[in-house]
Amino acid sequence: TAVAPPPGEEGLSLKAVIGYNGNGRDNMVWSPDTGVFAYSCGCVLVVENLHTGVQRHLVGHTEEISTLAASKDSLTVASAAAGSRGSKSLICIWNVQSGACRHTVSYHRGAVQSMAFSRDDLLFLSVGDFSDPVVALWSSRTFQLLSTVRAEGPLHHAAFSPTRASLLVCVGRRGALFCHIDSKHHDVDLKFQRVATPAGLGGAKLTSLCYGAGSLLFTGSGGGQACAWDCLRQRCFMTWQADEGEIGVLLCRGQRLLTGSNTRRLRLWGVAAVEALRSEAQASHTTHRAEGTSETLRGSPGGVLWLLEDSRGSLESLHWSVEMVLDGAVVSAAFDEALDMGIVNDVAFSADESHFATCGEDGSLRVWSAPSRELVVQFQVLNQGCSCVCWTPEPATLPPGAGPCVAAGYSDGTLRIFRPASGEMERKLRPHGAPVTAVRYSAHGHVILSAGKNGLLAVSNPDNGNTLRVLNDHKGAQITSLQCVAKQYKQFGLEGNEMWLAASSDRRVSVWAADWPKIKCDLLDWLTFPAPAYNGDGEDPPPSLAAFCPTDPGLVVYTGYGVEKEISFYSLARKRLYEVDVETEFLKASHASCDVACLMYDASDPQSFDYCASIYKVCSRSSFTHQ
């Protein structure tokens with residue numbers, strides 16, 4: 001017989017766990033907000049700090065852990081394992097911060113298939129496997145058994161409603177169980193209504209579930225079909241073929257649905273159309289099927305677009321645009337809310353185009369690898385929106401081994417400079433008293449130009465954070481774009497080696513000549529573009545955008561709200577404006593209805609700008625290149 005040594009006198013101790021045991025179900029929990037990351041490996045519960053890599057090993061089971069669940073506050077994790085030699089399964093309740101086991105409960109004769117905490121963390125649910133398909137409801141304070149109910153067949157997954165703690169759903173071979181928790185004084189009773197598996201599934205069992213927005217419920221099946229349910233009416237109103245194998249993982253955040261199956265595939269679906277189809281199904285009492293109406297989703301890697309036609313003949317779309325193939329069946333997954341891109345305000349590529357940065361309204365600044373499109377590092381500022389971002393210029397101008405920096409502007413009027421290589425913030429600047437709307441490094445990196453929502457332009461020293469100069473020429477109009485280029489402009493009668501421009505929401509563009517080592521900056525030209533009064537029903541007009549031609553910095557390109565939909569080309573040398581009428585000069589009549597929102601070209605390929613100009617039919621290519 002084996003005898004365990006007293007605590008603290010073990011001859012061997014577990015130092016690190018490498019790898020992951022995928023034999024269980026939902027045996028990984030992750031809360032990005034609190035940093036809790038836990039998973040099972042055999043009979044050990046591993047709690048790991050993803051930033052430091054430090055692991056804590058919680059040992060309390062003698063058999064392999066089958067499933068995990070975490071409370072909504074992430075302070076408690078429950079782990080379950082089957083009993084040995086016919087004994088009941090063991091559920092351990094762990095305090096995440098201390099690593100201590102708070103409670104142990106045993107009820108199910110077989111393995112535990114699924115567990116969940118209610119949205120208020122007052123109740124705890126456990127579901128037995130096929131040998132003992134019993135739903136057990138516990139108090140999460142005392143872990144006293146409150147109520148049980150036995151299902152007619154095996155259950156595979158269960159979850160509490162995110163909106164009402166008294167509602168929960170279980171799914172299994174016989175369909176879905178919609179359960180209501182009826183509490184009277186100290187008595188708790190589970191009342192359930194079984195709804196059969198939708199007929200369109202061909203008898204396939206329901207294997208997974210997750211709640212969507214409002215009263216939406218999504219379920220997955222053993223045949224790869226996904227179903228959308230109306231929880232209020234306890235009715236399936238839509239099915240579609242989401243995979244070729246059994247769907248074991250479903251996660252929904254907003255209008256995105258993640259499916260994972262035993263075919264090793266993870267697919268991310270856009271389900272914005274589901275809510276509209278539910279309203280249609282309520283009126284017509286029909287079930288929509290996205291079958292035989294798919295086509296390739298253009299512009300996405302391998303995506304499929306399902307076109308669904310309602311009774312009025314209007315089309316709604318349901319599509320998946322991202323797919324990953326793993327090296328094994330998908331048994332557990334978690335969303336990182338911090339990686340929700342939300343509203344992306346700006347995108348900027350590094351000088352060597354090896355990385356790009358994005359910034360969003362949630363205050364995040366993310367740096368991505370351009371070749372692999374993987375996230376390299378993320379910088380997060382709480383309670384502030386990040387509105388604009390830029391990179392330092394060519395690496396040749398930087399100290400050896402320093403690596404490029406990223407500067408970002410925020411809604412509190414600050415600039416922050418980050419160095420992605422070290423993952424640290426280098427400096428924080430306060431040049432503005434209003435939200436920053438644009439930021440750019442000068443062409444040689446001597447200064448940072450930034451603009452505020454109040455129209456003020458600031459010139460700052462990135463080395464010490466000092467504000468060198470403030471320009472108020474745009475007189476309160478929001479600056480919408482900035483650009484800097486290296487240009488000798490003796491032809492204009494000024495000294496210096498750089499030019500830069502600023503465009504504002506009142507359709508004005510200022511062009512400047514600068515010699516930053518001498519702190520010189522002179523106004524070179526001023527452009528004003530007329531426009532009628534804007535009537536956008538409360539919306540802002542299209543932004544004013546301006547840029548220098550990459551092959552000839554003496555040529556300025558402008559677009560924005562105006563009398564006509566047009567792009568204007570202005571020669572600084574000739575003081576002459578060339579306009580292109582989109583309505584008459586565009587290639588197709590259908591294109592004339594679009595609004596020009598941005599100018600994009602490849603700075604490393606001068607011909608790309610000529611190609612852009614040719615699309616807009618600028619007189620002729622020869623006259624354009626000579627002006």
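Q: If a disulfide is a pair of cysteine sulfur atoms within 2.5 Å, how many disulfides does the count come to?
A: This is a predicted model, in which local features need pLDDT of at least 70, side-chain atom pairs count only at pLDDT 80 or more, and totals for chains, interfaces and linings use all residues. Residues are numbered from 1 along each chain as its sequence is written, and side-chain values use heavy atoms, with hydrogens and water left out. A disulfide is a covalent bond between the sulfur atoms of two cysteines. By the distance rule, the number of disulfides is zero.

Q: How far is the nearest cysteine sulfur from that of Cys-179?
A: Cys-179 is likewise in no disulfide. The nearest cysteine sulfur is that of Cys-170, at a distance of 4.6 Å.

Q: Is Cys-92 buried or exposed?
A: Buried means under 20% relative accessible area, exposed over 50%, and partly exposed in between, with a 1.4 Å probe and protein chains only. Cys-92 has 1% relative accessibility, so Cys-92 counts as buried.

Q: What is the relative accessibility of Cys-179?
A: Cys-179 counts as buried. The reason is its relative accessibility, which is 3%.

Q: In what order do the four strands of the open sheet lie?
A: Strands (E, at least two residues) are DSSP runs numbered from the N terminus, and two strands pair if DSSP finds at least two bridges between them. The edge strands, each pairing on one side only, are strand 9 (112-117) and strand 12 (145-150). The pairing in the sheet is antiparallel, and the order is 9-10-11-12.

Q: Which residue of strand 10 is the bridge partner of Val-112?
A: Strand 9 and strand 10 (residues 123-128) run antiparallel and are joined by five bridges. The partner of Val-112 in strand 10 is Gly-128.

Q: Which residue in the turn between strand 28 and strand 29 has a positive phi?
A: Strand 28 (residues 344-349) pairs with strand 29 (residues 355-360) in the antiparallel sense over five bridges, and Val-347 has Thr-358 as its bridge partner in strand 29. The two strands form a hairpin with five residues between them. The residue with a phi of about 60° is Glu-353.

Q: What is the volume of the largest cavity?
A: A cavity is a set of points, on a 1 Å grid over the protein atoms alone, where a 1.4 Å probe fits but cannot get out. The structure holds five cavities of 30 Å³ or more. Volume is the space filled by probe spheres set on the points, which are joined across faces, edges and corners. For the largest cavity, the volume is about 60 Å³.

Q: Which strand gives the most to the lining of the largest cavity?
A: Lining residues have an atom within 4 Å of a point, and here they include Glu-152, Pro-154, Arg-173 and Arg-194. By class, the lining has five nonpolar, three polar and four charged residues, where Ala, Val, Leu, Ile, Met, Phe, Trp, Tyr, Cys and Pro count as nonpolar, Asp, Glu, Lys and Arg as charged, and the others, Gly among them, as polar. The largest share, three residues, comes from strand 15 (residues 175-184).

Q: What distance separates the C-alpha atoms of Phe-418 and Cys-405?
A: Phe-418 is in strand 34 (residues 415-419) and is buried, with a relative accessible area of 3%. Phe-418 and Cys-405 are 13 residues apart along the chain, and their C-alpha atoms are separated by 5.6 Å.

Definitions and conventions: Disulfide = S-S within 2.5 Å. 1 Å grid on protein atoms, 1.4 Å probe; cavity = no way out; pocket = protein on both sides within 12 Å on 5 of 7 lines; lining within 4 Å.
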